[in-house]
Amino acid sequence: MENEIVEYLIVNKDLNMSIGKTCAQVAHAQKLIDSKYLDLMVIWDWYGFDVVDGVEDSKVFKDYNEWSMGNQKKIILRAKESKMLKAIEMGAVEVRDNGLTEIPPNSLTVVGFMPQPKANLQEFTKRLQLL
């Protein structure tokens, strides 16, 4: 199902976070993705842009809405920080921790991609392990 709309979230495996800490960080990433969608929606509505970050905004909205109204499939993977930095270059949102509990301040904990066809990120994610 290469055209299936999924959301990829990638956890930093170098940090060895507890299950609770990991869950909280993944939740932060989800919130950032939802906020990014809402921000793009406001910009599109206000300015009428046809392209946002080099991507046709109508495709971003279509994919997000299809995902949101469907099963909201998430694929949660783990990776080294170097791979996560590449994801940020590709447009992923990033979560950095305040360092109040288990890990140092400003640690990159999770990155997440907007919902999109699974095939779009298959090449990037194919060697990553499920969390």
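Strand 1 and helix 1 each supply at least two residues to the lining of the second largest pocket of this predicted model, helices (H or I, at least four residues) and strands (E, at least two) being DSSP runs numbered from the N terminus. Helix 1 gives the most to that lining, with 4 residues, and the residues lining the pocket include Val11, Asn12, Ile19, Cys23, Arg78 and Leu131. A pocket is here an open set of points, on a 1 Å grid over the protein atoms alone, where a 1.4 Å probe fits, with protein on both sides within 12 Å along at least five of seven lines, and lining residues have an atom within 4 Å of a point. The space in this second largest pocket is about 190 Å³, the volume being that filled by probe spheres set on grid points joined across faces, edges and corners.

The model is predicted, with local features requiring pLDDT of at least 70 and side-chain atom pairs pLDDT 80 or more, whereas totals for chains, interfaces and linings use all residues. Residues are numbered from 1 along each chain as its sequence is written, and side-chain values use heavy atoms, with hydrogens and water left out.

The protein chain has 4 helices and 8 strands, which follow one another from the N terminus as β-α-β-β-α-β-α-β-β-β-α-β. Strand 4 (residues 74-79) runs parallel to strand 1 (residues 5-12), to which 6 bridges join it, and tyrosine 8 has isoleucine 75 as its bridge partner in strand 4. Strand 4 also pairs with strand 8 (residues 129-130), in the antiparallel sense and over 2 bridges, where pairing requires that DSSP find at least two bridges between the strands; here leucine 77 is partnered by leucine 130. In a regular strand the side chains alternate between the two faces of the sheet. In strand 4, Ile75, Leu77 and Ala79 form the covered face, while Lys74, Ile76 and Arg78 form the uncovered one.

The largest nonpolar core has 18 residues, and those with the most contacts inside it are Ile33, Tyr64, Val110 and Met114; such a core is a set of buried (under 20% relative accessible area, 1.4 Å probe, protein chains only) Ala, Val, Leu, Ile, Met, Phe, Trp, Tyr and Cys residues joined through side-chain atoms within 4.5 Å. Two or more residues of this core come from each of strand 1, helix 1 (19-47), helix 2 (57-69) and strand 5 (93-96), and helix 1 gives the most, with 5 residues. A second, separate core of 15 residues includes Ile10, Leu77, Ala87 and Leu108.

How values were computed: Buried means under 20% relative accessible area, exposed over 50%, partly exposed in between (1.4 Å probe, protein chains only).
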